[in-house]
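This briefing goes through the fold, the dimensions and a few individual residues. The points are grouped by topic.

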Amino acid sequence: MKRLVLEGQVFVRSTYLQYVALFQWANPQGYVAYKVLLPVTQILFFVELGVYATGRQNALYFALGNALQLTANAGIFGVIATVANERQYGTLPILLASPANRLVTFLSRAFVNVIDGIATVVIGLAVVVVIFGLNLQHANLLLLALCVVVISLTTAGLGLMFGSIGLVMRDAIIIANIVYYLLLIVCGINFPVSRLPGAVQVLSFALPLTRGVQAARDAAAGASLGQVGGLLAGELLVGLSWALAGYLLFRLLENWARRGGLQEAY
Amino acid sequence: MRSLARAALSAFRVSMRLRVISPWAYLNWLVFPVLFAAVGLYVLSTPGAASSHVVYGVLGGGLIGYWSVAYLDGGNGIQDERWNGTLEQIFATPTPLWVILLGKICGGLLFGLLAFLPTAAFAYFGFHAVLPALDAGRFVISLGVLTLSFFCIALTLTPLFALWRWAFSMLNGFELGVYVLCGFMFPVAILAPWAQGVAGVLGPTWAVRALYASTLSEGPHDYASWWLATIGLSLAYLAGAYFLYSLVERRARMSGQLAMV
């Protein structure tokens, strides 16, 4: 029990430090630029693109999909940037030399970004409601909220996986950029996954967002938990798998870097 | 004059060398454009959509890449100088700032043009999409006018990045807004009237309109007006840039806080 309390303290402290030192949008200008302007313009761009291609009647399909994909802004960019910033600020060797529980330290990297991801989606959904008149009268709001939380967790899981690569890659934030925009193509955000080639569809269902966005669309249309439970369970499983793979990769690369004294060599 | 040209050429050469080894440059001219072209082509080739829409997918990714490299390289070039601790040296040299930026931005534009290659190849091999009614002469002129407009915008924006650190973040956050207002992947005509008004004061909007018109047989083809509008607006930006450069030089020397703003 005492050990659990201690680990809890490490988690809280690590999360707090991660926020004050590594959360790169923790100033008004940065937050407005990347957490308000970027989401709003992303939604506007893809909705107008969709409207031009398929007509005004489909605006909400694009609006909702892109609002939900914004979780990746925090889950992918935020989490990967956390490790990248450790490296940039010269604290990575100190972190790797500390005796703190690795799993706790690892998961604490994502916590603030999960909360931030939820906040970003709320901003995105507010934009969709105000500008595009998303009608949530028949929506299952609690379920929609649950979907947003689940998607935020699962995208952070993917972020942890790619964040680990930051241990051995100097420009890991480039990976974040690629993954973020790749999710727009393969996760059914702007067009159904069924239009993708077979092999890419397999990748789609191995990634977060695909099932979560589908579940959220159903929830917005009024579906019940029973109807989308399978999708959400699958989404969580995918996110956990990526987080676990990320943790294993983190340990592998950490040991590798420590054995060779290579913490800052990449 | 010759020494200024030599300085600009030197800035061009150094910036090109740095670009060749920078993974960010490849992200901007190769990866981003293809990713955007992929989304664009999938959405624009939705069953039932007009076939002429696909043109926006073919060129749209390239335009996005071109713009990204053009303004990012100018702006990020200044941020990089700041982070590398060389911004003060650039300001302290007898060569005017605009001459150094001229070289850097020309390098960015040349590199940015590359963005059209992977997107066109992706559109052709992935979607069998081509430009159906290409008017090569007008297309080339429109691209030239667009390049002038990108050049003027990059030259105008860059002093802002030197003056205020947050200016780059703001523009970076608004990047997709520029795609919307300049009609990179769909016509500006579908936007709300007030947004069309804002788009009208952006030089690239008119050049992009001319560029797309040169690939389509239907719709208006008022090239001369569009080119003139772009050129006029671009020259207006340059006039504004003149005052901005004076302001930056003065502020930088007066406050001595260039690396801290």
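Chain A of this predicted model contains eleven helices and zero strands. Read along the sequence, its pattern is therefore α-α-α-α-α-α-α-α-α-α-α.

**Overall dimensions and packing of chain A**

- For 266 residues, a compact globule would have a radius of gyration near 18 Å, and the 19 Å of chain A agrees with that.
- The C-alpha trace of chain A spans about 60 × 40 × 40 Å along its principal axes.
- Of the 266 residues in chain A, 55% count as buried, that is, under 20% relative accessible area.
- Among contacts in chain A with a separation of 6 or more, 81% are between residues 24 or more positions apart.

**Surface and charge of chain A**

- Chain A carries 15 positive and 9 negative side chains.
- The centres of these two charge sets are 6 Å apart.

**Helix H7 of chain A**

- Helix H7 of chain A runs over residues 141-165, which makes 25 residues.
- At 1.5 Å a residue, H7 of chain A should span 36 Å, and the 37 Å between its end C-alpha atoms agrees.
- H7(A) is mostly covered, with 18 of its 25 residues buried.

**Loop residues with positive phi**

- Most residues other than glycine have a negative phi.
- A:Leu209 is not a glycine, yet its phi is positive, at about 85°.
- A:Leu209 sits in the loop between helix H9 (198-205) and helix H10 (210-220) of chain A.
- A:Leu209 counts as buried because its relative accessibility is 0%, where the cut-off is under 20%.
- B:His128, also a residue other than glycine, has a positive phi near 50°.
- The loop that holds B:His128 lies between helix H6 (116-127) and helix H7 (136-163) of chain B.
- B:His128 counts as exposed because its relative accessibility is 67%, where the cut-off is over 50%.

**A further loop residue in chain B**

- B:Ser217 belongs to the loop between helix H11 (203-213) and helix H12 (223-255) of chain B.
- With a relative accessible area of 59%, B:Ser217 is exposed.
- B:Ser217 and B:Trp206 are eleven residues apart along the chain, and their C-alpha atoms are separated by 18 Å.

Key: Residues numbered from 1 in each chain as written. Chains lettered and ligands numbered in written order. Predicted model: local features only at pLDDT ≥ 70, side-chain atom pairs only at ≥ 80, totals over all residues. Heavy atoms only, no water. Helix = DSSP H or I, 4+ residues; strand = E, 2+ residues; numbered from the N terminus. Expected span 1.5 Å × (residues − 1). Buried < 20%, exposed > 50% of the residue type's maximum accessible area, 1.4 Å probe, protein only. Rg over C-alpha atoms; globule rule 2.2 N^0.38 Å. Contact = heavy atoms within 4.5 Å. Lys, Arg positive; Asp, Glu negative; His and termini not counted. Charge placed at Lys NZ, Arg CZ, Asp CG, Glu CD.
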